[in-house]
Amino acid sequence: MTDVRGWLWFGFRLFIYSTLLSIIVVGLICAFFIWYYWFVVRRRSQSEHEINIKLQNRSFLFHTLSFQISNSGIILLNIQISPLEKQLIELAQLNGRRYRISHLDIQDEQIDISFAKSNIHLIIKHEYLEQQSCQSKRTYFVHEYTFLWSSPSYRIRFDDKFNLIDSGYWYGGATQRTIYWPINQFVTKCQAMIPNDAYKNMFGSVCERYWLSSLGLALFIDPLVPLFVSMNKKHLQLISEYRTPYRQSTFHSHQFQYKLLQHVNMRDLHLTMINRYLGKPTDIPNPRMITDPIWSTWAQFKQNINTEKVLNYAEEIVRRNFPRSQICIDDDWTPHYGVLDFDTTKFPDPKQMIEKLKELNFRVTFWIHPFLSCKSFQFIDYWRRGLLINMNILPTLIDSIVERSRFLQLVFDDFLCNPVFQPFIFIMKYIHQQFLPSFPGISLWWNGLAGVLDLTNDSTRQEYNSNLQRLQKLYNIDSFKFDAGEVNWLPIFGSFANSSCTSIITDKITSATSPAIYSHLFAQLAHQMDPNNRLQEVRVGYRTQHLPMFVRIIDKDSHWSYKNGLRSLLPSIFNLSLLGYPFILPDMVSKALRIDTFGIYFLRKKDSN
């Protein structure tokens, strides 16, 4: 007979002993950190530069800019809007972290400010850009100021704040669920400025770091800067900091670069930004997509679709003599999400169904996304072949803990750079890579648990392209509706196979990475699938203004407010156009709309087209 009391006593003692052992191990680790910091980090830390008291509370001019250094280290930036107006307006407050200034060097076209901590520098360069007006063909000059914060330590945080009250009406930034025109009234907490899902109260799926003021000012942030943005009705705050989701695999210097352009003519200034930084589409998408309606099975049936419903739906449209450009077979046409083939229980003969749709003068597109259901057999196959985003749990977990404590950052960074511990670090990395198993990253998207295709892997993109081309040839499909692609749908502990961002910035070599590369690559993939007919649509954009295809805004709710209601429709369209995406599709009109708003809502949707 089993001695229950003995086993319970054994389990209790095992729990007590393991708890005590865990406390001892954690205590030893903490003691080692404290010892290492006290006897190694503090002794190795270099003495800070001497603070130059004479530089505090000093003012100086630099072309149209005026700088005033306060006693606390804040640099007040004022600007002269026009040569005819001598009055200066307050534009920004630089150095929000209040690093104390140690040296100041002013030249004709450059200012070099050194700070007393961690070899921090702020370089401000000025350049005249010669441009030609599209209307008058006259030559004009634009002031371009380049602000470059730099530090050899990537842990340093930079914080600059721009004034929204006296600097005119501002436009631009990311798409959002609540959007005003202009954006001066918008309020948001500090968050990473990368493509996300606007329904999660984040910045939206099209995200560009560009703002334009009615007073002839333009602000453009480097695309690879680890940028966090917050807004209230008074300030636009720009924070550059390497923390989640901007994780780096290697140590490197931290550079926060942005450009401020100024010209008296707002239109000419915006065209300068398009030609010089934003870019514009190289062609136009298929015009019929905007002149005639796109019919979607989701608006009528949601996920409950099959061959009979699709054909009856198409025949009803034809019978009522409605105009039509194409029909989209939307959600749940596959046996499992991400398996690029038809569910034969719903569509026993998909080829014949598509032929009938073509006879009714429909072009046919299909809804696709970058997810692969955990229930499918392909999930295991893709994971073994390295086509999915894998989880990198241990390094990511350590980074998440370390970034929350300045003390841990100092100890951890110094420990990793210490040559004495390099053999130990090499052994630990080897054990982690060779013996610890890798697991596929799991995303909790709106249709359940799924793996996510790693589009930074060339093999993944080639596999996905070939599968889509096979579908097109086999069933005579015209194009695809690309859904998702935002960063927030990526696995929490995921890591890319190739995090290089050279496709975003081609004018320089950089080791900096950004999770926004995923949205950039997904939009490029969508264009590559239909470069000639250009019937595809996407909902993400990041440095992809050159792609000639439609970008879809999120579907609006059936109320009249600016919080994703009807009043936000035109501001959303204006904002996307300003960011360099002129080809815009409003999302579908659903039967879920309230009766009292449906008629006007349909007209507004049609007018927006």
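Helices (H or I, at least four residues) and strands (E, at least two) are DSSP runs, numbered from the N terminus. This is a predicted model, where local features need pLDDT of at least 70 and side-chain atom pairs count only at pLDDT 80 or more, while totals for chains, interfaces and linings use all residues. Residues are numbered from 1 along each chain as its sequence is written, and side-chain values use heavy atoms, with hydrogens and water left out.

**Cis peptide bonds**
- W181 and P182 are joined by a cis peptide bond, with omega at about 5°. To find P182, look in the loop between β10 (170-172) and β11 (188-192).
- T244 to P245 is a cis peptide bond too, and its omega is near 10°. P245 sits in the loop between β15 (235-240) and β16 (254-262).

**Positive phi without glycine**
- N476 isn't a glycine, yet its phi is positive, about 60°. You'll find N476 in the loop between α11 (458-475) and β25 (479-482).
- N476 is partly exposed at 46% relative accessibility. Here buried means under 20% relative accessible area, exposed means over 50%, and partly exposed is in between (1.4 Å probe, protein chains only).
- A484, also not a glycine, has a positive phi near 65°. A484 belongs to the loop between β25 and β26 (494-495), and it counts as buried, with 0% relative accessibility.

**A pair of helices**
- How do the axes of α5 and α6 cross? Helix α5 (residues 307-319) and helix α6 (residues 350-359) have axes that come within 10 Å and cross at roughly 5°. The axes are lines fitted to C-alpha atoms, for helices over the stretch in contact, with angles from 0 to 180 degrees between N-to-C directions.
- That makes α5 and α6 roughly parallel to each other. The labels go by angle: under 35 degrees is roughly parallel, over 145 roughly antiparallel, 65 to 115 roughly perpendicular, and the rest oblique.
- On the α5 side, T307, V310, L311 and A314 make the contact, and on the α6 side M353, K356 and L357 do. Contact means heavy atoms within 4.5 Å.

**Salt bridges**
- How many salt bridges does a search of the whole structure find? The search turns up 17, a salt bridge being a side-chain nitrogen of Lys or Arg within 4 Å of a carboxyl oxygen of Asp or Glu.
- D283 is partly exposed at 37% relative accessibility, whereas R534 is buried at 14%.
- E316 forms a salt bridge with R319, their closest N and O atoms being 2.8 Å apart. E316 and R319 are three residues apart in helix α5, so about one helical turn separates them.
- R320 forms a salt bridge with E316 as well, at 2.7 Å between the closest N and O atoms. R320 is partly exposed, at 48% relative accessibility.
- Salt bridges with shared partners also link D483, E486, E537, R539 and R552 into one network.

**Cysteines**
- The whole-structure search finds zero disulfides, a disulfide being a pair of cysteine sulfur atoms within 2.5 Å.
- C207 is buried, with 0% relative accessible area, while C374 is partly exposed at 30%.
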